[in-house]
Amino acid sequence: MLSDIRYGWRQWRQYAAQMALLVIGFSVFTGLMMLCVATAPDLFKKTPTWVTANDTEYVTIGLRSHEGHMSQTTLANLSTVNAHPAVKDSSFLGTVVASFRINDQSFNGENVVFMQDQLPSLLGITAIARDPIQFQQSAYVSEAFLANWQGPELIGQTVLLGESETPVKVVDTIPQSLVSQPGLQEPVLLVSGSHFSTLLTVDFGDAPLPDAVKARARHMIMQETPNLYGVVTLRAGFSSADLADLSKGRASKEEGISVRSGTDSMDFYLHQGIDFTPHATNALKRQWWIMLVMCVVFAVLNVLNLLTLSINQCIQRRAEFATRVAVGATPATIQKQLLLEQLPLVLTCLGLALILTLASLAGLVAYWGVHIDVMTLVLGAVLSALVLLAAVSLSVLLPFSLLARRQLFQRSRSQEAGPMQRRLGHLNVVAQIAFASLALLFAFAMLTQQWQLRQQQAAAPAAHEFSWSRSDNVNNGIDIKAFLNAVDGLPYAVAVSSKPFANPDTIASSVNAETPNYDDGQGINLISVSSQYFDFFNIGGGSAASAANREGVVLNHAALSALNLRNSAAVFEQRLFIREGDELGYDDEQPIAIAAVVENLPHFGFLNREVAMIYGDLARLHSINQTLYLYVDVIHAAALRQWLQDRQQRQGQLWQFDDNGLLIEQMEQMNQDLNRLVMVSVLVAVLICSLSITSLFYQLSGLLQMRQRRMGVLLAVGARSYQLFGQLLTLLLALTVLAMAVVFITVTMMNPRLSLMMGADMLAPAAISLMLAILVLLLLVSAAVAFMRIMRRPIRQLLQ
Amino acid sequence: MAAVLLKTENLTKVFNPNRVPVHALRGISLTIHEGEFVAISGKSGCGKSTLLSILGLLDTPTSGQYQLCGADLAQLSGYQKAALRNRHIGWVFQNFNLINDMTVAENVMLPLKYNQAWPKSTYTERVNKVLNDVGLDDKAGAYPSELSGGQQQRVAIARALITEPDILLADEPTGNLDSQTEQAIFSLLSDLHRRGVTILLVTHSRNLAQQCQRILTISDGTLVDAE
Ligand SMILES: Nc1ncnc2c1ncn2[C@@H]1O[C@H](COP(=O)(O)OP(=O)(O)OP(=O)(O)O)[C@@H](O)[C@H]1O
Ligand SMILES: [Mg+2]
């Protein structure tokens with residue numbers, strides 16, 4: 001056995017280059033696989049891994065926001081849920097921006113997490129006091145806060161919460177399991193939910209209100225501000241679907257104090273399990289699937305590479321196998337020997353993969369905030385090893401059993417490979433070409449996209465962006481008309497929009513021309529803009545649009561083609577029906593006129609295709625619950641900043657303006673993210689491509705080796721080398737055509753998803769032609785080199 | 001005296017000149033005339049096959065001159081050599097070197113594909129003729145693996161004859177065959193010789209060598225005596 005392994009090692013040394021390739025490929029595969037396995041439980045369990053009970057018992061309650069995310073809900077809503085017969089028990093967890101004091105140091109505007117007293121036991125967080133009284137008197141601080149703390153030992157100190165200075169004692173740091181909940185934004189302090197009202201900052205101004213009224217107002221604000229997520233457990237026999245009949249949010253009116261939540265129009269968001277940001281989790285899951293796909297890609301690639309090697313070996317070692325059989329080996333003993341020979345490979349790969357995985361775990365998992373326990377990691381390693389062994393066995397034993405079945409041992413004189421082996425070789429070449437071209441196509445698509453972004457960035461206007469928003473939710477939102485009037489009065493041009501210019505998360509609404517049939521309507525993004533917007537951004541057709549957009553909506557070219565409309569006078573006769581029309585200030589089912597058509601704006605930074613857009617008039621909206629974005633030429637930025645500052649001071653604390661800086665800087669920032677993405681994609685693509693091209697080269701050499709005696713015969717009877725090379729190229733051409741068919745079918749299928757996810761268009765003519773050029777070059781070079789390696793030998797040797 | 005078909009001057013061949021050099025040929029000078037039937041004999045490893053493959057343009061000499069059909073080989077390009085192999089040389093190997101996934105007829109036809117001298121319409125006719133010559137006209141559709149060793153060697157001879165070469169080179173054509181088949185193959189070669197084909201035959205068999213017109217004996221890479 002040991003001698004088999006040693007013999008195998010000697011065999012491997014002969015194929016050092018191929019061995020190195022295999023080690024790289026298999027290590028990447030094993031690393032990815034271990035990562036996938038290790039991160040899966042936390043990602044796919046609906047409750048965090050540290051909660052042991054059944055997923056279906058829990059429902060997380062929030063509000064459905066415009067973008068379809070879950071946002072925080074109110075206590076009032078939670079008590080509505082609590083009254084539902086399906087609910088057994090409820091609890092909540094929330095965040096407020098609050099102030100507190102430790103000794104003489106004051107902290108303002110810090111993120112404080114509060115959780116209801118029974119939540120720790122509901123979730124099984126053992127690190128937090130389970131006794132409610134004890135929990136109410138305790139505070140937990142973040143690691144970062146503890147590390148930055150200067151002064152006497154923090155643990156044991158008293159923290160005075162809010163204006164009423166309620167005392168709690170620091171007992172420990174916040175449990176890791178809570179910190180890494182994606183929704184909770186780096187809390188500084190964790191306290192009991194009984195301090196919620198204490199933590200609320202309410203500005204009553206200078207109004208001389210009686211304390212009782214103030215207390216009641218504070219209580220109502222606490223009931224109505226969306227600061228928290230609920231977690232409920234269900235009674236036996238109920239499921240999350242039973243909660244779906246809960247009504248929408250409510251408004252309440254009491255004793256002359258009017259409180260509106262500002263989220264009244266939002267539905268409940270019910271999420272089975274415990275997850276405060278299911279949207280973020282879904283994004284993680286998407287990344288996980290991408291990783292798994294990569295893992296499978298590498299697995300297939302590796303099996304193919306190993307197959308190449310073992311086919312070649314099988315052919316070269318035919319005589320050796322025959323001799324072994326002649327001296328008494330059975331096919332089974334040879335198979336055992338072949339498997340043992342692969343052990344050095346498998347062990348090297350596992351070792352390298354372990355290093356790779358641990359390194360990426362350190363980085364990736366910290367970034368992802370996913371829990372991993374050692375047992376799942378070990379499980380991942382074991383699973384990867386099993387897959388690796390299966391792949392190795394498959395690819396080593398398949399060519400051998402083909403050889404054995406054809407009983408070529410008895411006729412070992414014949415050097416020609418069997419047709420099955422040749423077919424296997426051809427299949428391998430097709431697969432390698434397909435992989436290489438897919439990888440190249442992907443890399444070039446990413447590069448093309450980046451190049452386009454660079455172009456866009458160059459075209460970005462020299463504008464400065466400010467945003468103007470409410471800092472709380474207890475109001476009617478911004479009075480748009482008044483605000484726009486004020487802005488119009490400024491002595492310089494200011495464009496206003498409901499979404500940011502760079503990378504806006506707009507609502508893609510179903511839109512249809514002629515009939516309000518939304519089922520097959522296109523998803524088109526909606527934005528409300530002020531009338532100066534198009535002029536300001538210097539858009540073709542902009543002046544007309546600026547004048548016209550009070551009459552109807554403005555479409556860009558992409559929206560026109562999405563709706564199958566042509567840019568002619570007739571288009572203004574069209575009426576549109578927009579499902580989310582109220583986003584732009586239109587009623588349901590209201591026919592909307594097309595007022596103008598503009599060029600595609602350059603502002604959708606990371607998308608390489610022009611995004612279909614419909615612009616409404618901002619003035620149609622009476623109020624807006626979100627932020628407004630203001631754009632001004634850089635030379636007037638200081639003036640506008642001053643104006644907003646004054647306005648904020650006049651309107652009080654609830655209003656807030658932010659200086660978002662130069663647009664071009666934002667684009668650059670986005671570009672950096674993209675750069676990283678492109679770099680990783682190109683790196684992966686180069687890795688895949690070089691793996692498959694090198695393997696293709698060896699497979700071609702192998703195919704030629706199988707045919708070497710045939711080539712010798714042909715040369716002996718007078719064939720010329722170019723005729724033989726022509727034969728090789730013809731074969732390669734046929735295989736390439738086959739591979740291209742596979743590639744284009746695959747790409748056509750996955751391109752829509754990919755361009756949504758990564759913004760890369762794999763069917764872009766530039767990407768396709770670059771890919772074809774490189775591929776042809778690589779194929780020609782590897783075919784020529786492989787051919788020369790055979791032809792270098794004298795014909796006499798080919799015939800032996 | 002017949003015309004000179006091939007002539008070598010001081011041919012040498014060294015294998016592995018960079019590692020442990022093997023001097024397979026140490027200066028061979030010989031002349032073969034049209035219509036001769038020559039046997040090359042000598043101990044195993046003395047360089048017979050090496051000499052034959054150089055004469056048949058399957059390998060190149062390390063030094064020395066070689067003229068075939070009046071052409072100096074040193075001056076010829078690879079393509080010109082391929083054309084010479086195709087038109088003037090027929091090869092018969094010890095291990096037959098037939099292509100297993102081609103039928104007998106296809107194997108025999110192979111050299112014609114690389115030869116413009118014969119129009120396509122005459123291929124079948126020629127194949128039938130040479131197969132008839134070697135006595136295998138009923139096996140045209142068979143595959144090499146379905147034939148006996150002797151039959152396979154006849155196919156190889158038919159393939160060598162199809163372009164009507166000036167010289168037939170045979171490296172131990174009967175090495176894998178029993179003595180009865182050996183004699184049959186040899187008679188076939190003698191027949192061809194009588195019809196005017198020049199034949200160079202490497203053989204270990206004293207018996208066969210003595211039936212040839214002339215015997216060249218090689219010892220350790222040199223020609224010992226030309227009879
Ligand atoms: N490719 C090669 N590399 C190194 N040495 C070689 C090579 N081919 C032949 N030789 C050496 O050259 C010498 C002559 O070989 P050759 O094949 O011509 O002998 P031979 O006379 O045909 O022997 P046999 O009767 O056994 O066939 C031998 O010593 C052999 O070891
Ligand atoms: Mg020999």
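Q: What percentage of the 227 residues in chain B is buried?
A: This is a predicted model, in which local features need pLDDT of at least 70, side-chain atom pairs count only at pLDDT 80 or more, and totals for chains, interfaces and linings use all residues; side-chain values use heavy atoms, with hydrogens and water left out. Residues are numbered from 1 along each chain as its sequence is written, while chains are lettered from A and ligands numbered from 1 in the order in which they are written. A residue is called buried under 20% relative accessible area, exposed over 50%, and partly exposed in between (1.4 Å probe, protein chains only). Of the 227 residues in chain B, the buried share is 54%.

Q: How many strands does chain A have?
A: Helices (H or I, at least four residues) and strands (E, at least two) are DSSP runs, numbered from the N terminus. Chain B has seven helices and 10 strands. In chain A there are 25 helices, and the number of strands is 24.

Q: How far apart are the end C-alpha atoms over residues 728-750 of chain A?
A: An unreviewed UniProt entry places the feature "transmembrane region" at several stretches of chain A, including residues 677-700 and 728-750; positions follow the numbering used here, feature names are shortened, and annotations may be inferred rather than shown by experiment. Residues 677-700 of chain A are 100% helix and 0% strand, with end C-alpha atoms 34 Å apart. Residues 728-750 of chain A are 100% helix and 0% strand, and the distance between their end C-alpha atoms is 32 Å.

Q: Which three residues supply 29% of the area that chain B buries against chain A?
A: Buried area is the accessible area (1.4 Å probe) that two parts lose on being put together, summed over both. Chain B and chain A bury about 2100 Å² between them, 53% of it on carbon and sulfur atoms. More than any other three residues, the suppliers of 29% of the area that chain B buries against chain A are Leu58(B), Tyr79(B) and Tyr114(B).

Q: How many residue pairs are in polar contact between chain B and chain A?
A: A salt bridge needs a side-chain nitrogen of Lys or Arg within 4 Å of a carboxyl oxygen of Asp or Glu, and across the interface of chain B and chain A the rule finds zero. A polar contact is a pair of N or O atoms within 3.5 Å; within protein, one must be able to donate a hydrogen and the other to accept it, and residues adjacent in sequence count only if both atoms are side-chain atoms. Between chain B and chain A, with both residues at pLDDT 80 or more, the count of such residue pairs is seven.

Q: Which element gives the largest share of the side of chain B that touches chain A?
A: Helix 1 (48-55), helix 2 (78-88) and helix 3 (104-113) of chain B are the elements that give two or more residues to this side. The largest share, five residues, comes from chain B's helix 2.

Q: How many residues of helix 1 of chain B are buried?
A: Among the buried residues of helix 1 of chain B are Lys48(B) and Leu55(B). Helix 1 of chain B is mostly covered, and of its eight residues the buried number is seven.
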